[in-house]
Amino acid sequence: MNEYIVSARKYRPSSFDTVVGQASLTTTLKNAVKSGKLAHAYLFCGPRGVGKTTCARIFAKAINCMSPTSEGEACNNCESCKAFNEQRSFNIFELDAASNNSVEHIKTLMEQTRIPPQVGRYKVFIIDEVHMLSTAAFNAFLKTLEEPPAHVIFILATTEKHKILPTIISRCQIYDFERMTVANTISHLKMVAEKEGIAVEEQALEVIAEKADGGMRDALSIFDQAASFCQGNITYQKVIEDLNVLDADNYFKIIDFSLDNKVSEIMVLLNNVINKGFDGGQLINGLARHVRNVLMAKDPQTLPLLETSEQQREKYKVQAQKADSRFFYQALRFMNDCDVNYRQSSNKRLLVELTLIEIAQITQQDEGVGNGRRPRRLKCLFQSIVRRQQQVKAAEQVAAAVVVADKKQDEKEEKAPVMQAEVQHANYNPVNRPVLKSNSNVGFSWNKVREMAKKKKIQIVPGMLAPNDPNSKQPVVDNHFSQEDLELQWMAMCNRMPQKLSAIATRMKNMNPEIAEFPHVVVCVDNQVILEQMQQIQKSILNTLKLYLSNNAITFELSLTQHETAVKIMSRREQFEEMGKENPAVEKLRDIMDLELA
């Protein structure tokens with residue numbers, strides 16, 4: 001039985017012409033070999049499995065060839081080429097920097113550079129994964145890398161260029177290797193399958209190429225795995241089963257169902273996908289890639305951006321004609337939001353379901369129900385709640401408008417201040433105003449306002465503070481109000497006062513305004529300082545009461561509470577001595593009985 005060699009090693013390129021997907025780089029290297037203009041250091045960087053180390057070996061073999069071809073390739077007949085092919089060359093050294101990353105290893109390498117080559121013209125040192133060298137090793141390597149002996153060439157290879165010191169990069173010629181395209185990967189896998197005598201489906205090779213994510217070595221490894229599973233006949237169904245890849249037909253079905261607003265069918269399909277062991281986030285990510293591809297297939301200019309087979313590209317083009325681009329843009333936005341929130345979500349399946357429902361409702365009308373399979377849009381389900389919240393906000397706007405009016409009172413100097421709302425809105429109708437009433441003077445909330453408005457059949461709507469209708473009735477100027485109405489409007493006014501008057505507003509909440517003689521209102525203040533502060537805003541308070549009690553005849557008075565003279569509390573001895581002064585018989589009784597006060 002012959003020894004089995006994996007495809008990644010068996011079909012490893014041995015010349016520049018057999019390197020896949022790096023035509024520009026291989027052409028540059030061949031021209032350098034032909035012209036003899038060789039740098040002393042090269043840096044090959046790029047993703048894994050794209051041919052960095054392979055190109056380094058081919059290049060090292062070509063520059064040491066005794067008689068290279070006119071195309072810059074090695075002849076494979078000279079002693080240097082034979083020694084390299086038989087892995088006995090002393091002119092080409094490979095160093096794994098991941099396991100030889102210390103200063104001592106670099107010193108050993110520099111000792112080897114002093115010995116000239118025995119066969120060939122150059123000693124080539126290939127250092128793989130050079131970014132794994134320590135900082136001290138990089139610094140020890142700097143001088144040799146900058147001015148090596150004339151017979152030494154360094155080829156550095158790395159997958160993480162950003163980890164290499166800038167001083168190292170500046171001393172090298174840099175070659176950036178590209179990721180393998182799907183088309184190049186499929187073409188190479190077809191060649192391998194033909195040589196191995198394996199029957200393959202192009203759609204199956206497309207799945208392998210997408211799974212490899214631009215790496216040819218990964219693609220060949222997956223190809224070997226699929227060949228073992230399929231026993232010489234690689235089919236699409238067997239490949240997706242072996243690689244645990246979600247069938248692309250599911251994505252086509254979801255988009256078709258979404259265009260027809262068939263939410264129920266999408267939910268059934270999602271359940272089947274999850275039952276097969278696939279994650280909801282995986283479905284969303286795959287669907288996002290699918291929608292992106294469909295969007296690219298909609299315009300001939302973006303069609304080349306699709307890295308897929310011709311058969312799959314036609315399917316994308318057919319589906320792209322079924323919907324407008326705005327549908328795909330909105331779907332991508334929904335899926336991006338789902339992907340961002342997926343990890344933090346405590347109910348991931350519900351998040352995926354809601355996302356798919358939103359996608360299925362993009363083309364659905366806002367109102368009404370269709371053929372029984374099209375539910376109302378989510379925003380319609382909560383329309384009543386939104387309206388209720390708008391009514392609450394409208395009530396809060398009443399308080400905000402009065403706060404703005406109170407702030408502007410301080411800016412008026414000549415004439416008596418008038419509430420801004422009353423000046424700007426002469427058509428204010430107090431009939432549409434909710435009357436604030438409560439059984440408690442502790443405080444009032446907007447829930448109580450709405451309850452009172454409901455009992456009195458008052459509708460709270462936006463703009464009720466000052467309606468703009470020119471045909472509305474003039475304000476009532478002699479409305480009768482009770483003590484309870486006065487106290488309630490007083491408390492509401494304190495709650496609406498601006499932030500700069502919060503201190504005086506807090507003290508005013510503890511005051512009890514009284515109707516001395518209707519409509520004369522008196523407020524007693526127990527502190528001279530507070531009295532002076534309230535006198536500064538007395539006109540604003542009066543205008544506010546007139547506005548909200550609907551009576552322009554109200555008069556407002558502030559008075560200072562008169563405190564009675566404090567009575568001294570006497571001790572028992574002082575009380576006894578006072579009794580003795582008022583009644584001498586008490587003192588005489590104490591002397592006769594020789595009593596002492598305890």
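Tutor: The lining of the second largest pocket divides into five nonpolar, five polar and five charged residues, where Asp, Glu, Lys and Arg count as charged, Ala, Val, Leu, Ile, Met, Phe, Trp, Tyr, Cys and Pro as nonpolar, and the others, Gly among them, as polar. The model is predicted, with local features needing pLDDT of at least 70 and side-chain atom pairs pLDDT 80 or more, whereas totals for chains, interfaces and linings use all residues. Numbering starts from 1 along each chain as its sequence is written, and side-chain values use heavy atoms, leaving out hydrogens and water.

Student: Which residues lie nearest the centre of the second largest pocket, and what makes a residue part of a lining?

Tutor: Arg12, Arg57, Phe84, Asn85 and Gln87 lie nearest the centre, among 15 lining residues; a lining residue has an atom within 4 Å of a point of the pocket, an open set on a 1 Å grid over the protein atoms alone, with protein on both sides within 12 Å along at least five of seven lines. Helix H3 (52-63) and helix H4 (79-85) each give two or more residues to this lining, and H3 gives the largest share, four residues.

Student: Why do S9 and S10 count as paired?

Tutor: Pairing requires at least two bridges found by DSSP between two strands, and strand S9 (residues 520-525) and S10 share six bridges in the parallel sense, so they count as paired. His520 has Thr555 in S10 as its bridge partner.

Conventions:
On a 1 Å grid over the protein atoms alone, a cavity is a set of points where a 1.4 Å probe fits but cannot get out, and a pocket is an open set with protein on both sides within 12 Å along at least five of seven lines; lining residues have an atom within 4 Å of a point.
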